[in-house]
Amino acid sequence: MSRDEIDRTLTRLKGERERITQGLLELEAHQGYQMLKGTRLTGETERSWVGINGRMATLWKLFDAHGKVLGEAEELRERHSKPGQAQLAELTRLLTGTSVELVSEEIPLEERTLLGPTGEWLTLDGVIERMTPLYEETAGLVASVNEIWSALLTRLGEVEETARAVAALHGALGAHEPAFDELSRLLAAVRETVRSDPMSLTSGGQADTARIDAIGTDLTALRGRLEDALRIRDEHDARARGIEATIGLVETAEHEAADARDRVLAKIDSPQLPDIPVTSVALRDRLAALEGLRGEGRWVELASRAAEVEQAAATALDQARQTTALITGVLDRRDELRGRLDAYKAKAGRLGLAEDTELTGLHQRAHDLLWTSPCDLRGATKALADYQRAIASRAEGTSR
């Protein structure tokens, strides 16, 4: 090589070395690499780190061997501003020849013999060619581990935040849910796995958060129950008054149903009536039991029981009102028949049948049944139908 060719080659190799230096330093400073290096690892992740660390050590050894020869060439060129043929030949050998000797541990296992490593010589460009795929593989492994680890830690952080919220709710309520102890134990176990062996929590090369998600789901449900309990505690007095008021309405509705039943029994003969619901007493007992839970600070149970009593009171009120409506409906039916009888009598008058003796008898029979207590509602209905059919028959004859 000429002096100019040597100088151009030196410039190129030094520029490449600077870029390689930056690349290796950035790889070592990578978050994933630093986490692997600074953490007590176990299992699959520990095995991955052994491989990554070994590859990184090989990269630095190749880098040092490359730098040693390049340094010799730079030093030789600096000593001879006008190198002679001997210096040019040596510089050519250093820069383009197989001038870099690999020590035994840098020789891949598959290239060794039964007698052990026999040594290997590479050019400076050959060293870079050897380093390039090794660097890319190492960087890819580090990035993959970092991505998986970050995803697991992010999800773990969210679940731990929920766990802290649950613990705070326990403190505010002055109570403790036994289920939280088991969830805390499971969370501690998965936390240790995430921190020491994240690679064991993978599926298809991606982070598998199923274990963390399951704990998070249970903690979220527990948090919801505790928040309900805290709300119940803070709103209990007002809610209890609301339940008490509803029970009062139930009691009133039951009395109204009983009164309506008495009226119907007095005015209607053998009516088919529904049973009168009597639930207000039992509801008051259940409401009193809530106060017992409140006094014991059993807020979680109180939240569930209060909702049950509230719903039961609302259902009882609807049932009592429906029963009253069914009972009074019997009297409404009698009143409807009375109104129809008057309407048919008016129709008979318009048809000129007011003096019809048979119609008068049919009307009187229906009238007596409807205005007699207790009223035979079935008999009155039949008598009214007979009266209506007789009027219709006469009206049809008159028309013909």
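Asp-234 is exposed, with a relative accessible area of 54%, where buried means under 20%, exposed over 50% and partly exposed in between, for a 1.4 Å probe and protein chains only. Its side chain meets that of Arg-233 in a salt bridge at 3.2 Å, N to O, a salt bridge being a side-chain nitrogen of Lys or Arg within 4 Å of a carboxyl oxygen of Asp or Glu, and Arg-233 is partly exposed at 29%. This is a predicted model, in which local features need pLDDT of at least 70 and side-chain atom pairs count only at pLDDT 80 or more, whereas totals for chains, interfaces and linings use all residues. Residues are numbered from 1 along each chain as its sequence is written, and side-chain values use heavy atoms, with hydrogens and water left out.

By this rule, the count comes to 29 salt bridges. Glu-74 pairs with Lys-14, their closest N and O atoms being 3.7 Å apart; Glu-74 lies in helix 3 and Lys-14 in helix 1, 60 residues apart, helices being DSSP runs (H or I, at least four residues) numbered from the N terminus.

Helix 1 (residues 3–29) and helix 3 (residues 43–79) pack at an angle of about 150°, with axes 11 Å apart, the axes being lines fitted to C-alpha atoms over the stretch in contact and angles running from 0 to 180 degrees between N-to-C directions. Helix 1 is therefore roughly antiparallel to helix 3, a term for angles over 145 degrees.

Key:
Helices (H or I, at least four residues) and strands (E, at least two) are DSSP runs, numbered from the N terminus. Angles under 35 degrees count as roughly parallel, over 145 as roughly antiparallel, 65 to 115 as roughly perpendicular and the rest as oblique.
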